[in-house]
Every structure is written in structure tokens, then in C-alpha cells.
Amino acid sequence: MCPASILTFSSVALFSSLSHIIPQQVCESSAASKAALESGKLDLQESIDNEKDAIRTFNSFITVDSDVLDVELAKVPWDYLETYKAPSEYSPTDQVKALEKQVEMTKNNSLIERDKYKPSLDLNATYSINGQDTKMHRSMRDTFAYDIPDRSIGLKFSMPLNLSAIEDFNDANYRDENAVKLMYKQQVLADRVNWNQLTDKLKYAQERLKLARQIEVIQEKKLKNEIKRWKNGVSTTYQVLQFENELTQSRLESLSIANDIFSIIANLKLFESENNN
């Protein structure tokens, strides 16, 4: 048998074997695509259900019993979130100011209580003009005269006898005073640590937001391009759904970061001084 005949026979045999394999692979690929499409539909339905739950939850806060969102929500101020600057300097919070006043009040109360039980020496003096006649009209007449005055002068000394109890009482006042001072110092330290953490979180969150917004723009361009390819018959519906899902995820990430920044800003407002307000 000549080599050409052998080559032709081999090609026919190869084509015959591939003719059985290719349809099987096409069927398997089609089944996989259908399964992926159904999975995408399931994810879409889950997202729709989650949206309805979110709308119900939101409406419950505004006392509306409905599955439809009739309120027009405010747009996210992206520029404000990306450019917001924290206050230039730390200002004590209301909690710190309250503790500062409590320290002063505890100190003053302690001084008052200690002075209450200190030994005291008082000078007493009285002077009066009295009528001492047995007859009423004469006695009343002599009341305004200076010939029968009543005078007294003296010293009054007083001190507590239970000195150990007084010492324990004063010691308790000192401990209360020191405890409030420690609470004040601890709160100041905690506020300063919180201030530093919030400013750092704001910086990092703003950087992440800018990056997430850039990714969102890229995902949107990619989706538009894929829709054009799908209309031209080059892409598949499943691929378009995948890109739509990726765009949605990027938008959700941007909204999540925006929510974090709003929370950080709200906490930073606690540190703003009255002059800045």
C-alpha cells in the first residue's frame, strides 16, 4: 500500500473518531452554559428578594407598610466624601467636658465635707437693753433705756470626738476624688486614641473609595462593550449577566465604603469644637 493511501486512510479514521467526540463536547458545553445561566438567574432572583427585604426594612423606619419605595432617596455626595477633611485639631468631647466638671464638683464637695468636721473656735458676744421692773408699763419703758443693759461675751470651741471615723470619712473622700480624676484621664486618653484612629480610617477609606469608583467606571465600560458584542452575536447572554453582576458588586462596594465614611464623619463630629460648629 502506498504512503498516500495510508495517509488518506488515517485521516478518514481520525475524522470518523472526531465525528463522535465533537458532538458530545458540544452537548457538554451547552449543558454547562445552561447550568451557568440558570445559576445566574437564581442569583438575580436572590438579589431581587434582598432588595425587597431592604425596601421593607427602610419603609418600617418611616412607618410605611409597603414593598415599594415611594420616597426619593438623596444621591450620595461622592465629592463630599472623597474630599472631606477632619478637623485640624483635637477638641475634647462632651463626655470629657462632663468628667472635667465632675472632677471639680467632687473636689469641692470633698473640701466642704472635710471642713464640716474640723475643730472650730467661735467668738460669741451679745448686748441688749432690758426692762427688769415688775410693773409692765415700767418694764416696757426701761426697755429703751441704757441704764440696765445685758451683756455677754465668750468663746465656743467644738471638735468631733470620734477621730478615727472622721479620718476614715476623709480618706473615702480622697479616694472618690482620685477615682474621678483617673476616670477623666482615662477618658481623655481614650478620646485621643479614638481621634487618631478615626483620622487614619478616614484617610484609608477615602483612598479605597477613589479606587472603588475607578473600578466601577471600568466595569461600566466593560459592560457596555460586552453588550455591543452580544448584539453583534459575538458574546453570550450569560457573559453579559456576569459583567452586570460584576458592575453591581463594584457599586455595592462603593456604597459600603461610602457608608463607612459617613460613620467616621459622624464620630469625628463629636470632636469638633463649638467654634468650628
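**Figure 1. Buried residues of helix 6 in the predicted model.** In helix 6, the buried residues are V240, F243, L247, S250, S254, I257, A258, I261, I264, I265 and L268. The model shown is predicted. Helix 6 comprises 32 residues, spanning positions 237-268. From its first C-alpha to its last, helix 6 reaches 47 Å, close to the 46 Å expected at 1.5 Å a residue.

**Figure 2. The largest nonpolar core.** This core consists of 19 residues, of which L81, L202, L209, I261, I264 and L268 touch the most other members. Helix 2 (78-83), helix 5 (163-231) and helix 6 are the elements that give two or more residues to the core. The most comes from helix 5, which gives seven residues. In soluble globular proteins, nonpolar side chains tend to be buried together.

**Figure 3. Surroundings of L81.** L81 lies in helix 2 and counts as buried because its relative accessibility is 0%, where buried means under 20%. Apart from neighbours within four places in sequence, L81 is in contact with V76, Q206, L209, A258, I261, F262 and I265. Two of these partners, A258 and I265, are among the buried residues of helix 6. The C-alpha atoms of L81 and K210 are separated by 9.7 Å, although the two residues are 129 residues apart along the chain.

**Figure 4. Surroundings of L202.** When residues up to four places away in sequence are not counted, L202 touches Y84, A86, I261, I264 and L268. I261, I264 and L268 are buried in helix 6. L202 and these three residues also belong to the group that touches the most other members of the largest nonpolar core.

**Figure 5. A nonpolar patch on the surface.** The patch is formed by F58, F61, I62, V64, L69, V71 and L73, which together have about 590 Å² of accessible area. F61 is found in helix 1 (residues 3-61). F61 counts as exposed because its relative accessibility is 66%, where exposed means over 50%.

**Figure 6. Overview of the protein for orientation.** The protein contains six helices and two strands, following the pattern α-α-α-β-α-β-α-α along the sequence. Of its 277 residues, 20% count as buried. The protein exposes about 21,200 Å², of which carbon and sulfur atoms supply 56%. Among contacts between residues at least 6 apart in sequence, 74% join residues at least 24 apart.

Technical notes
Residues are numbered from 1 along each chain as its sequence is written. This is a predicted model: local features need pLDDT of at least 70, side-chain atom pairs count only at pLDDT 80 or more; totals for chains, interfaces and linings use all residues. Side-chain values use heavy atoms; hydrogens and water are left out. Helices (H or I, at least four residues) and strands (E, at least two) are DSSP runs, numbered from the N terminus. The expected span of a helix is 1.5 Å times one less than its number of residues. Buried means under 20% relative accessible area, exposed over 50%, partly exposed in between (1.4 Å probe, protein chains only). A nonpolar core is a set of buried Ala, Val, Leu, Ile, Met, Phe, Trp, Tyr and Cys residues joined through side-chain atoms within 4.5 Å. Contact means heavy atoms within 4.5 Å. Patches are made of residues with over 30% relative accessible area and no salt bridge: like charges are joined within 9 Å, nonpolar side chains (Val, Leu, Ile, Met, Phe, Trp, Tyr) within 5 Å. Accessible areas come from the Shrake-Rupley method with a 1.4 Å probe; for residues, only the protein chains shown count as cover. A salt bridge is a side-chain nitrogen of Lys or Arg within 4 Å of a carboxyl oxygen of Asp or Glu.
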